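Work through the exercises below with the sequence and the structure at hand. Each task is followed by a solution in steps.

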Protein chains: 4
Amino acid sequence: MKNTFGNSVSLTIFGESHGEFIGAVIDGLAPGITVDENFISSQLALRRPYGKTGTKRIEADAFKTVSGVFQGKTTGTPVCILIPNENTRSSDYSLSAYIPRPGHADFTANKKYHGFEDYRGGGHFSGRITAALTAAGAIAISALRNKGILIGTHIARCAKINDRKFKNLEEDIALVNSLRFAALDEDKGKKMQDAIKQAAKEGDSVGGILETAVTGLPAGLGEPWFDSVESLLSHALFSIPAVKGIQFSNAFSKIDLPGSKYNDPFILNSGRVETATNNNAGINGGITNGMPIIFECAVKPTPSIFREQKSVDLMQMKETELKIEGRHDPAVIHRARVVVDSVTALVICDLLAQRFGTDYLGE
Amino acid sequence: MKNTFGNSVSLTIFGESHGEFIGAVIDGLAPGITVDENFISSQLALRRPYGKTGTKRIEADAFKTVSGVFQGKTTGTPVCILIPNENTRSSDYSLSAYIPRPGHADFTANKKYHGFEDYRGGGHFSGRITAALTAAGAIAISALRNKGILIGTHIARCAKINDRKFKNLEEDIALVNSLRFAALDEDKGKKMQDAIKQAAKEGDSVGGILETAVTGLPAGLGEPWFDSVESLLSHALFSIPAVKGIQFSNAFSKIDLPGSKYNDPFILNSGRVETATNNNAGINGGITNGMPIIFECAVKPTPSIFREQKSVDLMQMKETELKIEGRHDPAVIHRARVVVDSVTALVICDLLAQRFGTDYLGE
Amino acid sequence: MKNTFGNSVSLTIFGESHGEFIGAVIDGLAPGITVDENFISSQLALRRPYGKTGTKRIEADAFKTVSGVFQGKTTGTPVCILIPNENTRSSDYSLSAYIPRPGHADFTANKKYHGFEDYRGGGHFSGRITAALTAAGAIAISALRNKGILIGTHIARCAKINDRKFKNLEEDIALVNSLRFAALDEDKGKKMQDAIKQAAKEGDSVGGILETAVTGLPAGLGEPWFDSVESLLSHALFSIPAVKGIQFSNAFSKIDLPGSKYNDPFILNSGRVETATNNNAGINGGITNGMPIIFECAVKPTPSIFREQKSVDLMQMKETELKIEGRHDPAVIHRARVVVDSVTALVICDLLAQRFGTDYLGE
Amino acid sequence: MKNTFGNSVSLTIFGESHGEFIGAVIDGLAPGITVDENFISSQLALRRPYGKTGTKRIEADAFKTVSGVFQGKTTGTPVCILIPNENTRSSDYSLSAYIPRPGHADFTANKKYHGFEDYRGGGHFSGRITAALTAAGAIAISALRNKGILIGTHIARCAKINDRKFKNLEEDIALVNSLRFAALDEDKGKKMQDAIKQAAKEGDSVGGILETAVTGLPAGLGEPWFDSVESLLSHALFSIPAVKGIQFSNAFSKIDLPGSKYNDPFILNSGRVETATNNNAGINGGITNGMPIIFECAVKPTPSIFREQKSVDLMQMKETELKIEGRHDPAVIHRARVVVDSVTALVICDLLAQRFGTDYLGE
């Protein structure tokens, strides 16, 4: 199931950077979910690249929902969303057919598809496809919000600059979802943006860490082993290009704690069982415990840089140098944040439908 | 597919800590793979708990292969391996039915299964089930070795003590696979073991980081999006209890590098395309590039500690204190390492069968 | 997913005719379903071969449930049932390794598994494996009965003898489920049994048609296209060896009706929407409409006959003659009926869990 | 996986009768398969309705391939085909929202989707969606033809008129694939068409039986149990609206044969193992034996008739009468034939990719 993911709610994606459309088919959504086209547009806008200073006019991707929505609501049958590609100047990419760009999928595509791949702009590997994930995810995010389940992601670290930690989760989720550049600390956010601009000047790029919180989940979602919540989320999140690491509640640091500090004691809060700490990130034994899910994604620096790089000419089988032309982002982390929210929302919709049946998220 | 994972090669697991058998069904293995029962035994031995000083007699789990193997080789039909449970003293666990142990799945199991769960010793959530993963994985590891694909895991960090880094991968894989306690640096390994013993004395527990290398893979395995190699590996690895984070090639640190340093330049090495560095961990665009796959798993401290902990009595719905009795490990990281190898091997068998067909791994 | 079937409720089977155990793992059953071991036994007894005159002592298969059941009820985690093989005289089958029996899977197994298959008694292809389906199905049948969903199958035709049609479905389902040889008309049943004995005398075998009814289903189960109720049922039913045809409500005859007769008019019956006829077999557009599901399975004559048959010696690659030795049934249709009920029940449990969530079938 | 089917090669469909587009996403096709747009067009033309006398201008559906094809060949990534809907006069269908048409899915859609379904023209249940199956299938049919695997379907029975049987399979497959109305016997074909016209005059409809042959398959495809070739084919074929029965090699008649006649003896033909007869339809134990696969589909009379029919007004919950307006076919069997070929081809591509790997069908 290469380009399809999910059980009760599933997503299929298709398209290439330079084709006519990219798109997504979401199946298994409950009938009766309101589809808010403005919200889809605004989520797509968050994903789109924008100018060095952030002041250029932001234009959302055009998209159309060609099935599965009737009179503004989901019908319960597959929702197909199409997003047209624009400005598909293919001349920029002719070299990548045989001189693979370091850090990109040109070489592995060639090994897998034997030269039949659409090499223009990364083809099916292009980050462009995440627009389809984002549009699909927007419907999922809306549906969850109606059930009191909220998702928010901030840029926890970028170019060695740390954002402040999450404090009040619900307020902070509202805050990041109102921001174009999702740093909780405005000042740190500016410094990050300066660092991104500086990297651009140097023909280089930067990466970072995204931290995501999900609140309002019921206890009892997920499965003990292969369909643990961590398994399903990581499966979907590692699909996002540039994500190379996932940890729940800062696990790579917290493993230094002794068990007596790491274990989350159970307490009663207004008659509800909660945990005093949340080192397990809302998940015990693969199953939600009702506390917020917290995770971090390591986002590598975007591989498109404007410096001379070493590569191999696959036709002549000799080493060569390569310099990438065209327009490229010196960072994707600020745009990836909405993609992370989107795939997270789709996984949670799937978990809810699996647990409570296909009608659960409808109205 | 709650307890089943994989496409062309799939694994189904079952069992509880205190049932008669736990077991695994591996389906889709090529016909003609030699099943080496001694190797299965020795892998199971690596997973078993052993005494504080490591000198107690190590006894492998009994197991039997009840289907799918004929005249010492796989038939191509499902292989079922059964492992009997011993010493199932259920009296130790009666409390966990309604006073959930912090860090364990008692509470979430109760929320999901409404009290019908087998609460004895963690039931189906027990780390015991990883013995089934290990036995199944042993067959996969053997099959891969016959194709020149090697897997090894060392304890990169435990109780704040770091092992040395991987140097010569093939030698280091051979080294760790010869060790009971898988530290590359013998001295660091002793210090880790001392720290584990010290934690035990204090009724506490420790966690750490496992680092895994896979060598000998062909380029072109995996898929661009949802079945990226990172997605499939992380899905399987997060099934292992205690794993709370996964990164490829130390991504959480390396995201601080600029793109010009993170990108892996392509070079020619004896006529073969390789990369000069391996920050992408052998995977570009979700697909293997022929370089080693390297990843790290964050393993939380084992939740079974012998100190008084806060919990909630779910029957009376009031806060209470809990002290766990019985025998429990102060660390699982040294045992988890063989489980990591096992699920890694199963995922790679699946990728190979998907790519090259169902006969590929046979003889 | 070769030996695994189902989405929310799934079944994995394993084993060979002459291995130590065959078995089944049922995953996704709601927690809290009562597991009635006597009922499993009696269902297994219906599947077992019995003597020519039906008077020999009928001995149920021994079986054990080694996981997923605690204090007599399902826990919600995988249920593994093991059935030991007895009387595994392997000498009878040595020839089938290279002289394939007509109508059997010996030849295709050899082509698929290259000689590594366990050829003894049909190996993994043996009808013996249907005992595992039957044991798993017994739990599903019980769970459905508790929800008022009843399943019954009669031998509609055997050796050219027709049973009477279903009349009052609920009475007839109760009737067939009380019978060892499931003919609604006792006299026709005797004639069928005589014909089976006669075939045995002649070293030959007979086939027939099984007709199944399912009552008490809610409307709204299933999906429009690939997961239509017809698709899912037929997928599972064609897994049963010897089934070579499936029709819903005698479709192969009824296609001669004009649309004006075939269409089922909607009517009101005590305030409930029903159809006046049921030519669509309770399924419109792939989805249940609340009327009974009715289908027929064509069961081929058992291929094990005691006459000389033509075959090919695959070692010497020359034509030869073959005479099968040992004990074999001259018909399997009367035993297959409980297997049909079993896989039907499992599919319906899956449809209900998919629709109403994982708790639906629990208590 | 409601609207997705297949393992190594999978198909996802979407769309409604009156939406902007319907479409299909085919994933897992080997890279390098030539995509012949003329052949897709001609296959779509075979599926389109045409006038009573067959003389009206036949206009193929417009379609566009928006991903997965580059320079005329498959890339190996998902192929999305879009087909625009035309003449979507929605006023004709407003009644079916609450007065369900007998034999249609209006009632079950309402039960499943609670009134959120797009009721216009059958919505997602419309036979219109089979155009997407047909376009996708055309690529699969071409790919198989390049490997010497041929598929053909004739109208074995329609309105009680029988076509002649298949004789020389390869010639007959070529013949039917050259015909617009696929009767092998020209005279019988005319009689069938007359009967269809007569039914139309009477405001009625007719059904029939389609018989399909697949030649050129290697032995060894498919799996013993749940992924038997019969299981996979029937799963896909029962997705086609109006298909209510499937038998392999006329099983519902042939079950009257004794085993000694039904069994297919193995013989040598020019050094190749074949069977003297083909009652098992090329499949033993779920796996292809290298002989042609032969199966028949029972196609119910189209439910859209122009006579007054009984139904229930679901708003007022009282019985009423309904007369369907608009343009509708008095038969779909002659159009369904190309849909049967299409889903058959997709299943066989999946089986080949599963067996021989993802490159097998490429060039």
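**Exercise 1: a helix of chain C and its cover**

Helix H3 (130–146) and helix H9 (333–356) of chain C are among the elements that cover the buried residues of H1(C). The model is a predicted one.

Task: Find which residues of helix H1 (residues 37–47) of chain C are buried, and state how they are placed around the axis.

Solution. 
- Step 1. The cut-off for a buried residue is 20 or more other C-beta atoms within 10 Å of its own. In H1(C), the buried residues are Ile40(C), Gln43(C), Leu44(C), Leu46(C) and Arg47(C).
- Step 2. These residues span an arc of only 155° around the axis, so they lie on the same side of H1(C).
- Step 3. As background, residues three or four places apart in an α-helix point the same way, because there are 3.6 residues a turn.

Task: Describe how H1(C) packs against H9(C).

Solution. 
- Step 1. The axes of H1(C) and H9(C) are 7 Å apart and meet at an angle of about 145°.
- Step 2. On the H1(C) side the contact is made by Gln43(C), Leu46(C) and Arg47(C), and on the H9(C) side by Arg335(C), Val338(C) and Val339(C).
- Step 3. Sorted by class, the residues of this contact are three nonpolar, one polar and two charged.

**Exercise 2: a helix of chain B with two sides**

Task: For helix H4 (residues 169–178) of chain B, separate the buried residues from exposed residues on the other side.

Solution. 
- Step 1. Ile173(B), Val176(B) and Asn177(B) are the buried residues of H4(B).
- Step 2. Their arc around the axis is only 100°, and therefore they sit on the same side of H4(B).
- Step 3. Glu171(B), Ala174(B) and Ser178(B), on the other side of H4(B), are exposed.
- Step 4. The cover over the buried residues of H4(B) includes strand E8 (150–158) and strand E10 (208–215) of chain B.

In chain A, helix H4 (residues 169–178) lies across strand E8 (150–158) and strand E10 (208–215), and runs at about 75° to E8(A).

**Exercise 3: a sheet built from chains A and B**

Task: Give the order of the strands in the open sheet and name its edge strands.

Solution. 
- Step 1. The sheet has ten strands, in the order E9(A)-E8(A)-E10(A)-E16(A)-E11(A)-E11(B)-E16(B)-E10(B)-E8(B)-E9(B), with antiparallel pairing.
- Step 2. Strand E9 (161–162) of chain A and strand E9 (161–162) of chain B are the edge strands, each pairing on one side only.
- Step 3. Strands of a sheet pair through backbone hydrogen bonds, either parallel or antiparallel.

Task: Follow the pairing from E8(A) across to E16(B), with the number of bridges for E8(A) and E10(A), E10(A) and E16(A), E11(A) and E11(B), and E11(B) and E16(B).

Solution. 
- Step 1. E8(A) and E10(A) run antiparallel and are joined by eight bridges. Leu150(A) has Thr215(A) as its bridge partner in E10(A).
- Step 2. Seven bridges pair E10(A) with strand E16 (residues 293–299) of chain A in the antiparallel sense. Here Val214(A) is opposite Ile293(A) in E16(A).
- Step 3. Strand E11 (residues 243–248) of chain A is antiparallel to strand E11 (residues 243–248) of chain B, and three bridges join them. Gln247(B) is the bridge partner of Gly245(A).
- Step 4. E11(B) is joined by five bridges to strand E16 (residues 293–299) of chain B, and the two run antiparallel. Phe248(B) has Phe295(B) as its bridge partner in E16(B).

Task: Decide how far E10(A) is enclosed.

Solution. Seven of the eight residues of E10(A) are buried, so the rest of the structure largely encloses this strand.

**Exercise 4: how chains C and D are related**

Solution. 
- Step 1. Gly245(C) is opposite Gln247(D) in E11(D).

Terms used: Residues numbered from 1 in each chain as written. Chains lettered and ligands numbered in written order. Predicted model: local features only at pLDDT ≥ 70, side-chain atom pairs only at ≥ 80, totals over all residues. Pairing = 2+ DSSP bridges. Helix = DSSP H or I, 4+ residues; strand = E, 2+ residues; numbered from the N terminus. Buried ≥ 20, exposed ≤ 12 C-beta atoms within 10 Å, placed from the backbone. Arc of directions from axis to C-beta. Contact = placed C-beta atoms within 7 Å. Axes fitted to C-alpha atoms, helices over the stretch in contact; angles between N-to-C directions. Nonpolar A, V, L, I, M, F, W, Y, C, P; charged D, E, K, R; others polar.
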